[in-house]
Amino acid sequence: MPQRTVADTITLEGHLIDSDILRRVFDRVVEEGGEFEVREFRVGRTNDEASFARIEVRARDPHALDRILEALRYLGATSQVADCRTAAAEADGILPDDFYATTNFDTLVRLDGRWVEVHDQKMDAALVLREGGPVCVKQRLVRQGEQVVLRGPGIRVRPVERSRDYAVFGFMSNDVSAEVNKVIVIRAAAREMKRVRAAGERIVVVPGPAVVHSGGEKALAGLVRDGWIDVILTGNAFAVHDLEKAIVGTSLGVCQTSGRAVEGGSRNHLYAINAVNRVGGIRQAIEAGLVKSGVMDEAVTRGTRLVLAGSIRDDGPLKDVITDTSLAQQAYIEALHGAGCCLMLATALHSIAVGNLLPARVRTICVDMVESVPVKLGNRGSMQAIGLVTDVGFFLERLAAELETPLP
């Protein structure tokens, strides 16, 4: 007697072949012990015309089928055409057990027969109905009684699709080999920044202290001065080293002119913190003439959005640093609104933190001297990020030069 199975039908729409979505759907069904049969497939014939697939998925029991369908929803599949299910949060920060956990892919929720786009898309959050619409909310910020979207029908995910137009950002994601042609990638980054600027979106930079050590802060300051950078998200260390160089000419006690360690220079970063805090903070230090150069100087002078998030490793810290991690995370989230491009420069912890807060549609490039940083970024869900293994000072100098070249 043949074994009985249960089945459901899913639909997929988009650039299913070019973006490798169809293969990933087939693989996932088989990996989970299921079977599939393509009932209908229409191939898009132009760059703008989407493909469509209707696929029957079978499994040995309802639990296995639910597991498969849940996995396929994260790849953009839709099964039941029904409104989403919700349940009230039982207490502040406590979600219903069956809550839906978000990805960084754009998501829609079906409410009253309409597909509604989710606001503030980010990974590892809950979907909460606020003022009639779905919003990505970090678990700690969910309030008792709010309606939380549950797993199941009524949720549609749109994975990032690979463009049919040739572009480095479309074809080099997650290639972090040190042998990649760096000039091509940097040129692509400059081209993307120009596109983002033309679209009215914001460019975010996440720099680490190695930017200063490598001498790249001059080029970065120039990008800020020329209006290419809208938001700077970083920590105490980068700001202190930038200020130390502006005040006493060293970075972690190393002379930035000769490259030699200065006798007693290990106290210079503490001296810089002390001097800046004495006058009330970074802005006051610039207004008083204590700081006359560097990224902090350009950012404050131009009015660039600057958020400094603290950590347990910080010396001082500077008065401008947000030492409450929850408040710092919220400040990062607010500063990322409207971002279209993000440069992560030689900082593992801040890069991964920002990656967790970005929707996948934001073009991201992670620059570091070691492959492990961009690899970790991708492993934690930021699959849209390009990893470039190179000296960050070289990257910034080349990027500045490319941005001076007009688009063809």
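This short talk covers a sheet, a hairpin and a helix pair in one predicted model.

Ground rules first. The model is predicted, so local features need pLDDT of at least 70, side-chain atom pairs count only at pLDDT 80 or more, and totals for chains, interfaces and linings use all residues. Numbering starts from 1 along each chain as its sequence is written, and side-chain values use heavy atoms, with hydrogens and water left out.

Start with the sheet. Three strands form an open sheet, ordered β1-β3-β2, with antiparallel pairing. Strands are DSSP E runs of at least two residues, helices H or I runs of at least four, numbered from the N terminus. Pairing takes at least two DSSP bridges between two strands. β1 (6-14) and β2 (35-42) stand at the edges with a single partner strand each, so one side of each has no neighbour in the sheet. Nine bridges join β1 to β3 (residues 51-59). Asp8 stands opposite Val57 in β3.

Next, the hairpin. β7 (residues 126-130) and β8 pair antiparallel over five bridges. Leu127 stands opposite Cys136 in β8. Two residues lie between the strands, and Glu131 takes a positive phi near 55°.

Is β8 buried or exposed? Five of the five residues of β8 (residues 133-137) are buried, so the strand is largely enclosed by the rest of the structure. Buried is under 20% relative accessible area, exposed over 50%, partly exposed in between, with a 1.4 Å probe and protein chains only.

Last, the helices. The axes of α7 (residues 236-248) and α8 (residues 268-278) come within 9 Å and cross at roughly 90°. Axes are lines fitted to C-alpha atoms, for helices over the stretch in contact (heavy atoms within 4.5 Å). Angles run from 0 to 180 degrees between N-to-C directions.
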